[in-house]
Amino acid sequence: AVVSTQSTGTQLGCWKDSPTDHAFSKRVSAKILAKYAPGGDGTYTSKDFYMQCRYAIRYSLGFLYNGYKLFAIQTGKDGKKQCWTGKNAEKTYKKYGRTRGCSLYGGINKNRVFSF
């Protein structure tokens, strides 16, 4: 089921990923994410990461103009949150199938996927 996330996009669910062949082709760098942290100091709380990831792609990568229609949040083995996107991700995000056990921030090899 598609779940709305306020007026900031649509959540498309929890999807498996591979550590060697990601369903999303571009990981947003820490440097780009830092520009979109609350207060601009490069730090964020878990609560802020969804918006930080979304804004970084939207404003830094020129999302729709450059083919970025979806993004994903994944939590690495180290516990750090990762922001992913990719051109044509709407065609690749399902490649490993649905899964369970995602938080808002995905999980290890699990993407929580959102549209803009």
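User: Which residues does glutamate 90 touch, not counting residues up to four places away in sequence?

Analyst: This is a predicted model, where local features need pLDDT of at least 70, side-chain atom pairs count only at pLDDT 80 or more, and totals for chains, interfaces and linings use all residues. Residues are numbered from 1 along each chain as its sequence is written, and side-chain values use heavy atoms, with hydrogens and water left out. Contact means heavy atoms within 4.5 Å. By that cut-off, glutamate 90 touches Lys69 and Leu70.

User: How far apart in space are glutamate 90 and lysine 69, C-alpha to C-alpha?

Analyst: Glutamate 90 sits in helix α3, residues 89-92 (helices are DSSP runs of H or I, at least four residues; strands are runs of E, at least two; both are numbered from the N terminus). In sequence, lysine 69 is 21 residues away from glutamate 90. In space, their C-alpha distance is 7.0 Å.

User: Which cysteine is joined to cysteine 14?

Analyst: The structure holds two disulfides (cysteine sulfur pairs within 2.5 Å). One has an S to S distance of 1.9 Å and joins cysteine 14 to cysteine 102. Cysteine 14 lies in strand β2, and 88 residues separate it from its partner in the loop between α3 and β6, cysteine 102.

User: Is cysteine 53 buried or exposed?

Analyst: Cysteine 53, in helix α2, pairs with cysteine 83 of strand β5. Buried means under 20% relative accessible area, exposed over 50%, partly exposed in between (1.4 Å probe, protein chains only). Cysteine 53 has 0% relative accessibility, so it counts as buried.
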